[in-house]
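I set out below what I looked up in this structure, entry by entry.

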Amino acid sequence: MAFRNQQAFIDLLEKEGELVRIKSFVDPHLEIAEITDRISKEPGGGKALLFENTGYEFPVLMNAYGSERRMCLALGVQKLDDVAAEIEGLFKLLASPKESLLDKLRLLPKLGQFASWMPKVRAGRGECQEVVITDNPDIGKLPVITCWPKDGGPFVTLPIIHTKDPSTNSRNVGMYRMQVFGPTLTGMHWHKHKVSAKHFSEYKKLNKRMPVAVALGGDPAYAYSATAPLPENVDEYMLAGFLRKKKVELVKCITQPEIEVPADADFIIEGYVDPSDELIWEGPFGDHTGYYSLPDWYPRFHITAITHKKDPVYPATIVGIPPQEDAWLGKATERIFLAPIKMTMVPEIINMEMPVEGVFHNLVITQIKKDYAGQGQKVMNAMWGAGQMMFNKILVIADEGVSITNYRELARYAFANLDAASDIYFSQGPMDVLDHSCSKLGFGGKMSIDGTRKMEEELGDSPQGESGITSPDAAFFSSRFPEIRSMNTALAQDGIACLLVSVEKNRMNHVRELHQALCDMPETSAVKMILYVEHTVDANDLAVALWRFCNNLDPKRDSLLVRRSGAVACMGFDGTRKTKELDGFQRDWPNIIVANDSTIASVDGKWNALGLGKFLPSPSLKFKNQMYGEEAVVAG
Ligand SMILES: Cc1cc2nc3c(=O)[nH]c(=O)nc-3n(C[C@H](O)[C@H](O)[C@H](O)COP(=O)(O)O)c2cc1C
């Protein structure tokens with residue numbers, strides 16, 4: 001379903017009881033983010049929030065995509081799986097044999113419909129150009145939010161960025177945050193693996209200025225499509241047209257006429273990136289990993305015009321410790337892209353799940369129909385070669401029949417099938433630039449845990465025994481090893497041969513030695529895996545421990561295999577923070593993202609005036625004692 005513009009989407013959210021208008025004053029500097037964090041962590045994602053009193057001319061829309069229901073409303077579907085089913089149907093229609101003329105004719109209506117969804121550039125000005133500011137445009141007039149206390153400044157967080165390849169003229173639409181440095185200057189945070197970064201390097205070769213335009217708002221399908229991991233030469237507005245069942249109408253920018261933007265957008269920020277400029281030191285920024293992303297050098301974006309519709313709404317989002325709004329944008333991608341992965345590369349895939357604790361790329365569970373030995377590894381190779389799946393760090397592979405959304409059932413099944421010595425496969429390759437655990441930026445270890453039932457050819461030589469431990473309990477272990485701060489034995493007692501240990505390490509190789517010592521104890525003889533996390537983390541808070549573990553682990557570098565005669569092999573994984581002193585780790589290690597006391601207090605103080613119902617304490621309170629010392633906060 002197409003929305004006439006963002007306002008029509010807001011109206012629908014309101015009609016459906018999915019939006020709260022906040023009329024009392026809330027400061028875009030930290031307060032909007034703190035309120036949104038409290039709301040988006042409510043079960044189901046809370047409501048969308050429209051901040052109408054921000055001290056700026058324009059209201060701010062937050063958390064608009066922040067639940068399964070609102071994501072479906074944005075894309076005009078009942079269930080996200082409906083989109084995947086439609087894509088699968090389309091692939092099948094195109095790929096099925098067309099022997100008779102009638103078969104071929106049957107294709108025509110679908111092709112005609114498809115053609116009617118292609119983006120179209122129309123003449124004249126768009127709604128997004130009702131107000132045009134070319135003299136002294138000032139991004140400071142927009143209510144650009146500052147999300148977290150250690151952020152480098154305010155950031156535009158839902159920008160729909162348009163660039164073109166200078167040689168093919170093909171368009172890319174991506175979402176890359178923009179740090180505001182001045183009235184006409186922002187950063188342009190496209191990671192080196194992303195399509196617009198490639199366009200930038202093409203302009204650099206030609207030594208030409210790169211026109212760029214940024215849209216905010218419009219039909220909600222645009223922002224989603226900008227985040228979607230489409231192949232390089234597929235126009236995101238084709239996907240948007242397909243999703244909304246209506247072509248995207250584009251108009252030429254005023255000061256950057258090479259670039260076309262959606263006519264119905266709320267704001268357009270026009271400008272250019274000059275490859276001969278010096279780069280700018282961008283960040284830090286509280287990122288979707290739940291950690292600050294480290295500052296780095298990125299291109300400068302010079303603003304030449306700001307245009308907007310008459311009553312625009314400024315859309316924004318925050319990312320941080322999961323779950324947040326982006327979990328639902330990611331859920332849409334997980335559901336929608338299952339069909340193309342299945343139809344083009346991995347026909348044996350049945351389902352896919354990306355737990356929020358894995359912040360998309362860190363942890364992906366894949367369910368396959370397995371027919372032959374080695375098929376799990378075939379799938380692993382295909383997945384790591386599939387577009388942005390290249391950023392995946394931990395890939396778990398399971399069989400049909402087991403539920404991959406019931407993590408306990410899945411873990412019980414996978415561990416029962418697992419030989420820790422032979423069923424965990426390590427590799428290395430490109431990693432998300434935000435992954436702080438990699439020894440080298442954007443390059444690091446990956447692993448695939450093959451939890452499928454093994455065929456005869458695949459059986460390892462480690463003896464397999466009963467799963468789990470029944471006794472003793474955590475206190476028994478921590479009395480022997482004082483560095484153990486907490487230990488999760490509940491999984492093992494539940495038949496999952498895995499322990500989670502929170503450890504305060506104080507010397508080089510400490511975790512390795514502890515792992516060896518634990519594995520030497522008869523009490524752990526049936527345990528196949530031990531996950532180590534930072535001492536500040538409660539090992540019994542599974543969601544938090546898993547989130548921290550996945551972020552801090554480089555699986556290849558941090559794995560510690562112990563083979564035991566007469567007992568199952570046990571793999572240890574060091575998911576603690578790495579430092580120069582204790583690990584020889586040379587990069588800076590960022591802190592987790594926590595609101596500051598003054599923002600928490602000011603939001604507490606104004607809560608009753610916000611109209612948001614019962615008081616919600618700050619989610620940051622839970623994480624305050626998990627931060628590292630001030631000196632470890634992202635350094636320049
Ligand atoms: C809220 C949000 C913010 C994002 N910020 C960035 C960013 O700053 N830099 C980046 O490279 N990717 C960012 N991404 C991910 C990209 O939008 C995503 O990888 C997209 O597919 C890139 O498009 P491309 O393949 O056309 O380059 C963000 C995603 C979301 C949902």
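**Backbone entries**

I looked up K245 and found it partly exposed, at 34% relative accessibility. The classes I used are buried for under 20% relative accessible area, exposed for over 50% and partly exposed in between, with a 1.4 Å probe and protein chains only. The model is a predicted one, in which local features need pLDDT of at least 70 and side-chain atom pairs count only at pLDDT 80 or more, while totals for chains, interfaces and linings use all residues. Residues are numbered from 1 along each chain as its sequence is written, and side-chain values use heavy atoms, with hydrogens and water left out.

I noted that K245 sits in the loop between helix 8 (236–244) and strand 12 (249–252). Helices (H or I, at least four residues) and strands (E, at least two) are DSSP runs, numbered from the N terminus. The phi of K245 is positive, near 60°, in a residue other than glycine. Most residues other than glycine have a negative phi, and most peptide bonds are trans.

I recorded L30 as another non-glycine residue with a positive phi, about 75°. L30 belongs to the loop between strand 1 and helix 2 (31–40), and L30 is buried, at 8% relative accessible area.

I then checked strand 1 (residues 19–22), which contains V20. V20 is buried, with a relative accessible area of 18%. Its C-alpha atom is 10.0 Å from that of L61, although V20 and L61 are 41 residues apart along the chain.

I listed two cis peptide bonds. One runs from G283 to P284, with omega near -5°; P284 is in the loop between strand 15 (280–282) and strand 16 (285–286). Another joins P322 and P323, with omega about 0°; P323 is in the loop between strand 20 (314–315) and helix 9.

**Helix 9**

I compared the span of helix 9 (residues 326–344) with expectation: at 1.5 Å a residue, its 19 residues should span 27 Å, and the end C-alpha atoms are 26 Å apart, which agrees. The expected span is 1.5 Å times one less than the number of residues.

**Cavities and a pocket**

How many cavities of 30 Å³ or more does the structure hold? I found three. On a 1 Å grid over the protein atoms alone, a cavity is a set of points where a 1.4 Å probe fits but cannot get out; a pocket is an open set with protein on both sides within 12 Å along at least five of seven lines; lining residues have an atom within 4 Å of a point. Grid points are joined across faces, edges and corners, and a volume is the space filled by probe spheres set on the points.

The largest cavity holds about 110 Å³ of space. It is lined by 17 residues, and Q6, Y65, L158, G217 and P315 are the closest to its centre. I classed this lining as eleven nonpolar, four polar and two charged residues. Ala, Val, Leu, Ile, Met, Phe, Trp, Tyr, Cys and Pro count as nonpolar, Asp, Glu, Lys and Arg as charged, and the others, Gly among them, as polar.

The second largest cavity holds about 50 Å³. Its lining includes D37, K41 and W148.

I also looked up the second largest pocket, which holds about 640 Å³ of space. Among its 26 lining residues, L363, Y407, A411, F415 and L546 are the closest to its centre. Helix 11 gives the largest share of this lining, six residues. The lining has 24 nonpolar, no polar and two charged residues.

**Cysteines**

I found zero disulfides in the structure; a disulfide is a pair of cysteine sulfur atoms within 2.5 Å. For C498, the nearest cysteine sulfur is that of C570, 8.6 Å away. C498 is buried, at 4% relative accessibility.
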